[in-house]
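Here is a short report on one protein model.

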Amino acid sequence: MRLIREITFYVYESAKMLTNTLPGLTFQTVPPPLPETLPRMDIAAFVGFAASGPVNIPVAVEDVTRFRDIFGADVALAWDEATGQQQHGYLGVAVEAFFANGGRRCWVVRVAQEGQTTRFGLPHLLSAETHTPLTTPARSPGSWADDLRVGTRLRNDIFPALALNDMTLHLPTVAPFVTQHDLLKLDFPEAGLLLYAVVTRIDGLMLELSQPHWFRRFEDGMGVVSAEIHPHHPLAPLRIVKDGDQVALTIIPTPHLPQRGAIVRVRLDNDATLLLSIAEVEPTLTADSPPEEEWIVRGTGLQIVNGNVIPPTETPIVTRLRFDLAVWREQQIIAQLTDLACAPDHPRFWGNLPSDDDLFDLRIGDAPRKLTLLDSLADEPRFPLAGDFSALTLPFGMESRFTITAGADVGDDALVWDGLGVFSADLFLDPHLATTRSQLLLAEAHDKQYVRGARLTGLHTVLPLTEVTLITIPDAIQHAWRAVEQPVMAILDPPVLESVAVSEMVDVRWSAVVSATGYLLESATEPTFAQPRQRYAGEATAVALPIDGDCPTWTYWRVRATFGSETSAWSNTIGVEIPHDSFDVCGFALNVATELERLVADELSLQWSAVDGATKYEWQGSADPLFTTVHTTSEVDLLQVRVGRISADVHYYRVRAHFGDQIGVWSNTVRYPDQHPVTTRWERNPQYDDTTLLTLQHALLRLCVARGDLFALLALPAHYRAAAATAHAEQLISRVQWESARDLLSYGALYHTWLTTQRGQTIPPTGAICGQFASRALTHGAWIAPANEPLNTVVALTPTTTRSEWATLFAAQINVVRQDPRGFMLLSAETLSRDGDFRPINVRRLFILLRRLALREGNKYVFGAHSTELRRLIRHKFELFLADLYGRGAFAGATPDQAYRVVIDETLNTRSATERGQLIIELRVAPSHPLAFLTLRLVQHEGLEVV
């Protein structure tokens, strides 16, 4: 035996690391790992619904963190009216339960129909050839990326140069940070020219450049003919001027108002094309000027130079261009890649960012994709974006701080984007293999994958994964859903507070609101209504209220309409002096409100009237009419703001003036849009249909018996009681009567009663039990029955079973999780087989192990010379393995001869078989059966009790 020693260097940096060992060189003995004499039987496959990740491509994961990084949170499916809860996918909770119960490695397959992939604009980045702005997709389909935003930031490293001759740049010293395929910008300020070119070769102090793209700085005095934002979205330009180092374009707003980071193409009056990279977008309004329908977009402007250009003789300013790419969710950066390159041949080219398909597609027959540096950078943690561009890009007008997009254009129906608009067996099955009999399944799958070069889909993607021995499809048990249109809800308009008059009484009048059943009137002594007082609740639209107090006080009034539990926004506010008197007023008079209106041209704007003496204005947006939560607030010195694109949900807006440290009253409230849109909500079907579940369980059993070394864990719906569960088992058995039922039924087991975890989730049992299978295989062996061991993280069962129900389910060979004083555990481990020999799960798993062992070892002797020596060697090798299994308790028998036998003699290998090139080996074993009952007998003898 060879002793392996490892040299380890220790650096003690904290008190807790100190030991009695002196500093210096320490030898540590590391025992060699034990050889794996038997094939692994603990690796599982999970097939189901996920929010993100590749579709129909198996991915190996070895911890929950990696699973969530790739496949995201549990996908939201439909609303359950019965429980008042959202229905989610079970794939994630099943994988978590697998690892919590001892699993170490599994393969995950996300199934879905063809979904949609969100695309994001890349600020200040454009194609060098077409001069059009660029977009990039999310790494995988689904609505998971809808709320993301993308930002770019320039990294520009300036270094000295001597001259540019024949596209060769001469340097006075080496630029160590410049590498081959870097993009350089050469600025010739005297000539007003800029050159973008790629480094193709570095030879000492010379850089050879290629792919030149020349631009000229904008010259003031040119007129503007037309402009467009993105292809085919025209703008209405008015004038263009040079504004310092930037260019300012004045336009009339259109539905496609430019955002920061966008590229505007401008045609000048000399037929030249100007590219304007937007840094600022603002209205021309000021607090002292009347409203005008004009906006200014300002940024870097360069004219495209067509044709060959003779480089100027002046020394250029040379900059290496790279950029950072970051992704935001809400206000937090969730992922970032730095130092990305712009040329396709560069190892850090952003366009080569891998999609999930690129990283995880293991189709055999295609040339394997060579993993790159960018693949490893984007893999762990998984970067949310992919790249699908293969030409030179220019970071045009990009700043050294992040410019962030407003968000992506996304669909209204998240479930359709997820590819889960219809729940059916088709989601899980390869259409070419769905009805193929088990005897032909492997051949048909081989033909599709290797001969026709097509990808397997659904649960059939597991067929090539030879290391997998367990499989479950937790989402097959889902309750189907349907799309239900929600009726348009009437929205109460806010009333208009018409007058508040003071005489002997306070007379308050407001406008009537259609559909309103009542009104609430409030007053307060401060314009913010910090301490409001309800003055009236009723159906009237005018009231006369008594005057309180003698001191003249400014009092503020507002009213809102109600309809049952629905409410409108508050009206405008009116302030009056009560009672009216010549004495000094107790309080500061802020009785003038602004008048707010909204302007909509695909993008919402707010505009309001000026208030004398106002120093600034504050506007707010909220999703509820009472502004209990405010999602947007801003203080400006203008009379108009652009809100931009907002969702189709109803939003409310209001504005008030500030007078130094004093705050004015709120204006009237405006709403956008006028009505709730007609929405589609996904709801669970009222009745459960088990057709899909039976179809999938039958298909899964066919797949297992076709492979010969897979075992299926099948679950039942949570609402099934004993009678329904037994009926389901009978239906499943009747479906396979025509197709070698003995084989099919021994390759799967049914499990019932769902598990409630410590996190309060109610989940199918198969994920946790699959982990228990794996743990037993690792610690004891696959021939040990996976039962009689507490399940981890389980605190309750749904539904609970009585003793009589458990007896009924046990008779139907359904394995039930029951509560025991030791915890929650399985008290049976049986397949669905009607053959008594293969009824125990451990027997089928033992034969799967032997099959895998025979395949692994037998392949070593293929093409060997058929001789007595070869047969003796093979017999000796298999007897060693079987002896090892016998010693571990896998076989029954008092002696090895009674437990196993390897037959490889002439009775099997006849002369005709030998001439055909065959060598036949029989492994004859006596599987050990689990002890199901232990009887304890109490015997009383001469007054003593003896067990």
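Strands (E, at least two residues) and helices (H or I, at least four) are DSSP runs, numbered from the N terminus. Two strands pair if DSSP finds at least two bridges between them. The model is predicted: local features need pLDDT of at least 70, side-chain atom pairs count only at pLDDT 80 or more, and totals for chains, interfaces and linings use all residues. Residues are numbered from 1 along each chain as its sequence is written, and side-chain values use heavy atoms, with hydrogens and water left out.

Three strands make an open, antiparallel sheet in the order 48-47-49. Strand 48 (762-763) and strand 49 (794-798) are the edge strands, and each pairs on one side only. Two bridges join strand 47 (residues 754-757) to strand 48 in the antiparallel sense. Leu-755 has Ile-763 in strand 48 as its bridge partner.

**The cavities**

A cavity is a set of points, on a 1 Å grid over the protein atoms alone, where a 1.4 Å probe fits but cannot get out; lining residues have an atom within 4 Å of a point. Grid points are joined across faces, edges and corners, and the volume is the space filled by probe spheres set on the points. The structure has five cavities of 30 Å³ or more. In the table, Ala, Val, Leu, Ile, Met, Phe, Trp, Tyr, Cys and Pro count as nonpolar, Asp, Glu, Lys and Arg as charged, and the others, Gly among them, as polar.

| Cavity | Volume | Lining by class |
|---|---|---|
| Largest | about 70 Å³ | eight nonpolar, three polar, no charged residues |

The lining of the largest cavity includes Thr-472, Gln-697, Leu-713 and Thr-766. Helix 7 (691-707) and strand 45 (711-715) are the elements that give two or more residues to this lining. Strand 45 gives the most, with three residues. Among the residues lining the second largest cavity are Arg-558, Trp-570, Arg-654 and Trp-666.

**Two residues**

Thr-766 lies in helix 10 (residues 766-779). Thr-766 counts as buried because its relative accessibility is 1%. Buried means under 20% relative accessible area, exposed over 50%, and partly exposed in between (1.4 Å probe, protein chains only). Beyond its neighbours within four places in sequence, Thr-766 is in contact (heavy atoms within 4.5 Å) with Thr-472, Leu-713, Leu-714 and Ala-715.

Ala-727 sits in helix 8 (residues 722-735). With a relative accessible area of 32%, Ala-727 is partly exposed.

How values were computed: 1 Å grid on protein atoms, 1.4 Å probe; cavity = no way out; pocket = protein on both sides within 12 Å on 5 of 7 lines; lining within 4 Å.
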